[in-house]
Amino acid sequence: MPGSVVRRLPALVASTGLLLGGPTMAAAQPSKPVPLTREVLGEVLARVGEQVRQFFARAQSLVCLETVRLQPLDMGLSSGSFGRTVESELRLSWDPDDLERRPVEARTLRTVLKVNGHPPRRNDHNDCTDPEQNESETQPLSMLLPDQQRDYVFTPDKPERIDGRWAHVVQYRATTPLSVSVEEIPGKDDCISFNVEGGTRGRIWIDPETFQVLRLDQALIGLVAIPMPRRTQARSGGQLQWTLERHDISIRFKPVRFSEPEETLLLPVSSTALRITRGSGQPRLRTTIDYTNYRRFLTGARVIGDER
């Protein structure tokens, strides 16, 4: 049986690799906003999409430190075996000018700096975990770009408070058909890579004044079968598939201040994920991520850090 898994989920919110937000940040809202209706939801989503588009165009000058903690869990979802910590530098890549195909999603580019506190070694890069294996991945808020929203059905929900402020809440559900692709990892007989598209739902918390995303949650709509490649079936004693039972993800955004020039950006500060994969060598995994040390490149040789 393969011992663990590298998973790539572009249609899900990836549990690593975020550099998202918006260009401004308003003060905390003093009063509860009027609940959204279906009649105004389209206008709200259009303004959210424009915020995301503008930010992607500007955020390519930002880098940050991503600290990923991967913790295997026991059947009671308590900490099981020894965990793993991976520190990486992240930056954003986005090219919206390709007119020959549908506008591309923004992607995160990753450079691994440390694994369990030391510089990465050869065996670290051979490990079956995300940060070491995935040098880039889809930015989760790409789903809110104007040309990507067509792949989802959005429904207004009741306003809620988050981090001491009121927010609009919108539910969403992917409309693209569920599809799964699986491949082996070259040189790693105990690993596979699988890619799941569609089959997701979640909630979005939106600032009523700035139309920035304050929180994004995502989960599977149902169970997902992960078929094993033929050679993997032979090594695992004829096991035909895994079953992805859960992949719950929550991302939170907060303001980060920069100087020279003065600017406040709403950026991801943390992410949590719980994945349960029946049949795999690592069936239960909790991933927690912190995003710190945001820096802004003003020229090719000048870097300005955040003031938190």
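Entry 1, the chain. I note at the start that this is a predicted model. I counted four helices and 17 strands in the chain. Of its 308 residues, 52% count as buried. I looked up the accessible surface and found about 14400 Å², with 49% of that belonging to carbon and sulfur atoms. For contacts between residues at least 6 apart in sequence, I found that 67% join residues at least 24 apart.

I checked the length of α1, residues 38-58. At 1.5 Å a residue its 21 residues should span 30 Å, and the end C-alpha atoms lie 31 Å apart, so the two agree. I then listed the buried residues of α1: Leu 41, Val 44, Leu 45, Val 48, Gly 49, Gln 51, Val 52, Phe 55 and Phe 56. They cover an arc of only 160° around the axis, which puts them on the same side of α1.

I looked up how β14 (residues 241-258) pairs with β15, and the sense is antiparallel, over 15 bridges. Arg 252 stands opposite Ser 270 in β15. The two strands form a hairpin with four residues between them. In the turn, Glu 260 has a positive phi of about 55°. How much of β15 (residues 263-278) is covered? I found 12 of its 16 residues buried, so to speak mostly covered.

Methods:
Residues are numbered from 1 along each chain as its sequence is written. This is a predicted model: local features need pLDDT of at least 70, side-chain atom pairs count only at pLDDT 80 or more; totals for chains, interfaces and linings use all residues. Side-chain values use heavy atoms; hydrogens and water are left out. Buried means under 20% relative accessible area, exposed over 50%, partly exposed in between (1.4 Å probe, protein chains only). Contact means heavy atoms within 4.5 Å. Accessible areas come from the Shrake-Rupley method with a 1.4 Å probe; for residues, only the protein chains shown count as cover. The expected span of a helix is 1.5 Å times one less than its number of residues. The arc is that of the directions from the helix axis to the C-beta atoms. Two strands pair if DSSP finds at least two bridges between them.
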